[in-house]
Amino acid sequence: IADAHNTDPLTGALNRDGFNTLMAASFKEAQTTSRPVSLIAVAIEGVVEAANVLGAAAADDVVVSAVATLNTHFEPLGGIVARVATSTFAGILPATDRPQAARVAEDFRADVEAHTKTWVPNATQTGPNIVAAAGVAPAAPEAIATNGTPDRFVAAVPKALDAANAN
């Protein structure tokens, strides 16, 4: 899947087209194997502010660092990360249930909190505040078998992200 058409040129992560292709394949595999699959949506807040205050290169550094950090949490579980919008990412975690996916999301969010000043080294104490919100949308095997479709599954992600932002 990772070719020039399906890859974000800045981060090397899948782009939206690559994500959609992989999501359909992951969902089909979950249906075939009766294993869960989870989707994590991540919004990185403060990227626009970093660009406005420190320039486009600083904002790019934040985005690249976010993808690298996501990969450290997703790759050990066989997960894939995609950049689906300027500062919005999605990760697919095969064979991962809600509790495990929620731990991955929280660990990532904590890493962002702990390391953002290293992502934007020129930021001052009053510089852009970079924070992450992560929402989890799991698909249990029984839900996939009865009424699940990849489109319905992906549609659940913004709701999960909204719920995460509300907390």
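This is a predicted model: local features need pLDDT of at least 70, side-chain atom pairs count only at pLDDT 80 or more; totals for chains, interfaces and linings use all residues.
Okay, one term before we start: a residue is called buried if its relative accessible area is under 20%, exposed if over 50%, and partly exposed in between, using a 1.4 Å probe and protein chains only. By that rule Ala95, at 38% relative accessibility, counts as partly exposed. We'll come back to Ala95.

Residues are numbered from 1 along each chain as its sequence is written, and side-chain values use heavy atoms, with hydrogens and water left out.

So, the overview. From the N terminus on, you walk through α-β-α-α-β-β-α-β-α-α. Of the 167 residues in the protein, 42% are buried. As for contacts, meaning heavy atoms within 4.5 Å: among those with a separation of 6 or more, 68% are between residues 24 or more positions apart.

Let's do the sheet. In general, strands of a sheet pair through backbone hydrogen bonds, either parallel or antiparallel. For us, two strands pair if DSSP finds at least two bridges between them. In what order do the 4 strands of the open sheet come? The order is S2-S3-S1-S4, and the pairing is antiparallel. S2 and S4, the latter being residues 131–139, each have a single partner strand, so they stand at the edges and one side of each has no neighbour in the sheet. From one strand to the next, the twist averages 20 degrees.

Go along the sheet with me. S2, residues 80–85, and S3, residues 88–94, pair over 5 bridges in the antiparallel sense, and the two make a hairpin with 2 residues between them. Next, S3 and S1 are antiparallel and joined by 7 bridges; Ala41 is bridged to Ala90 in S3. Then S1 and S4, also antiparallel, are joined by 9 bridges, with Ile44 opposite Ala132 in S4. How covered is S1? Mostly: 8 of its 9 residues are buried.

On to the helices. Helix H3 lies across S1, which is residues 37–45, along with S2 and S3, and runs at about 10 degrees to S3. Those angles run from 0 to 180 degrees between N-to-C directions, and the axes are lines fitted to C-alpha atoms, for helices over the stretch in contact.

H3 also has a helix partner. Two packed helices are described by the angle between their axes and the distance between the axes. H2, residues 47–54, packs on H3, residues 56–74, at an angle of about 150 degrees with the axes 6 Å apart. That makes H2 and H3 roughly antiparallel, because angles over 145 degrees count as roughly antiparallel, under 35 as roughly parallel, 65 to 115 as roughly perpendicular and the rest as oblique. Who meets whom? Val47, Ala50, Ala51 and Leu54 from H2 meet Ala56, Ala58, Ala59, Val62 and Val63 from H3. The residues of that contact are 9 nonpolar, no polar and no charged; nonpolar covers Ala, Val, Leu, Ile, Met, Phe, Trp, Tyr, Cys and Pro, charged covers Asp, Glu, Lys and Arg, and the others, Gly among them, are polar.

Still in H3, have a look at Thr69. Buried or exposed? At 12% relative accessibility, Thr69 counts as buried. Leaving out residues up to four places away in sequence, Thr69 touches Phe108, Asp111 and Trp119.

Last stop, the loops. Most residues other than glycine have a negative phi. Ser34, in the loop between H1 and S1, has a positive phi near 60 degrees. And back to Ala95: this residue sits in the loop between S3 and helix H4, residues 98–119, and has a positive phi of about 55 degrees without being a glycine. Which C-alpha atom is separated by 9.7 Å from that of Ala95? That of Glu29, 66 residues apart from Ala95 along the chain. Glu29 belongs to helix H1, residues 16–33, and at 39% relative accessibility counts as partly exposed.
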